[in-house]
Amino acid sequence: MNVSKDALSDPYCNMLLDLIEEYDGEAIVFNDDLAEYIRQTHSGIPLVASNIKPATDFLNAWAGCANESEYYRRLLESYDRIVIRSEAALDGKIRKSLRDIADRCEIIVNPRCIPDCPHCLDHYKNIERKMEDKEHKAGCYYSDEDDPRIYSMSLREEQLRELAAEGFTQFKIEGRNISPDLFTRYCMSFILGKEKSEEIQSAMDNREIFELLLLMTQKAAGTL
């Protein structure tokens, strides 16, 4: 999340930027200095404002903006696309104010946190720590499965259809730091639809079938 200006000249990272630009990739960025550096040195790389920005800036009164909608529009002055908060995606009033820029907004369909979480910045810092320490706990402090607020912002099929009808068609599945088992559950539920959810759950309880589903998901994602 924090990138020093001296680190911007790192040869290995700049080699990665060369490859991203050559193969039509994109960069999801939190640090504004890094975004500006990529814009200046690799102008062909589309920049996506990470969901960490709005998820934490709402704690800071929207960084001087009048409201959440104005905040997103200011982000789009520096970024090609933005990831809006799941809270905003579920708020009809905010969605209506963003419809003219809906094609530049991305929405996470399975957030694993409580609405307006007061510890969201610490959660993301913990994800960085986990990259260095595999035993470190990452994610929401309210990750107790018994807490009804967890997964309360996950989108159902009918909500996805409603969002798509309004022009919001850029969706993302969260899962960078979860187990392959859980991520496969997410992927397969969206691929196969709501009517298959019970079959998926049953398959997950059968290790042999689960490994087959995992293999299918990896092939679909192009990782094999």
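How many aromatic pairs does a search of the whole structure find? The search returns 4 aromatic pairs. Rings of Phe, Tyr and Trp (its six-membered ring) pair if their centres lie within 6.5 Å; planes under 30 degrees apart count as stacked, over 60 as edge-to-face and the rest as tilted. One of the pairs is formed by Trp62 and Tyr71. This pair is tilted, with 5.1 Å centre to centre and 50° between the planes. Ring pairs also link Phe58, Trp62, Tyr71 and Tyr72 into a cluster.

The model is predicted: local features need pLDDT of at least 70, side-chain atom pairs count only at pLDDT 80 or more, and totals for chains, interfaces and linings use all residues. Residues are numbered from 1 along each chain as its sequence is written, and side-chain values use heavy atoms, with hydrogens and water left out.

The protein has 224 residues, of which 38% count as buried. Buried means under 20% relative accessible area, exposed over 50%, and partly exposed in between (1.4 Å probe, protein chains only). The secondary structure comes to 11 helices and 5 strands. Helices (H or I, at least four residues) and strands (E, at least two) are DSSP runs, numbered from the N terminus. Among contacts between residues at least 6 apart in sequence, 60% join residues at least 24 apart. Contact means heavy atoms within 4.5 Å.

Trp62 has a relative accessibility of 13% and counts as buried. Tyr71 is buried as well, at 4%. Ala61 has a positive phi of about 55° although it is not a glycine. Ala61 is in the loop between helix H3 (52-57) and H4, and it is exposed at 55% relative accessibility. Ala63 likewise has a positive phi, of about 50°, without being a glycine. Ala63 is placed in the loop between H3 and H4. With a relative accessible area of 37%, Ala63 is partly exposed.

Charged pairs were examined next. The whole structure holds 15 salt bridges. A salt bridge is a side-chain nitrogen of Lys or Arg within 4 Å of a carboxyl oxygen of Asp or Glu. Side chains of opposite charge can pair when their charged atoms come close. Within helix H4 (residues 68-75), Glu70 and Arg74 are 4 residues apart, so about one helical turn separates them. Their side chains meet in a salt bridge at 3.9 Å, N to O. Glu70 is partly exposed at 34% relative accessible area, and Arg74 is partly exposed at 40%.

Arg73 forms a salt bridge with Asp100, and the closest N and O atoms are 2.7 Å apart. This pair links distant parts of the chain, 27 residues apart: Arg73 is in helix H4, and Asp100 is in the loop between helix H6 (92-97) and strand S4 (105-108). Arg73 is partly exposed at 31%, whereas Asp100 is exposed at 54%.

Arg81 forms a salt bridge with Glu106, the closest N and O atoms lying 2.7 Å apart. Arg81 lies in strand S3 (residues 81-83) and Glu106 in strand S4, so the pair ties together parts that are 25 residues apart in sequence. Both Arg81 and Glu106 are buried. Salt bridges with shared partners join Glu26, Arg81, Glu106 and Lys172 into one network. The relative accessible area of Glu106 is 4%. Leaving out residues up to four places away in sequence, Glu106 touches Val48, Arg81, Ile82, Val83, Ile84, Gln170 and Lys172.

Glu158 is partly exposed, at 40% relative accessibility. A polar contact of 2.9 Å joins the side chains of Glu158 and Arg156. A polar contact is a pair of N or O atoms within 3.5 Å; within protein, one must be able to donate a hydrogen and the other to accept it, and residues adjacent in sequence count only if both atoms are side-chain atoms.
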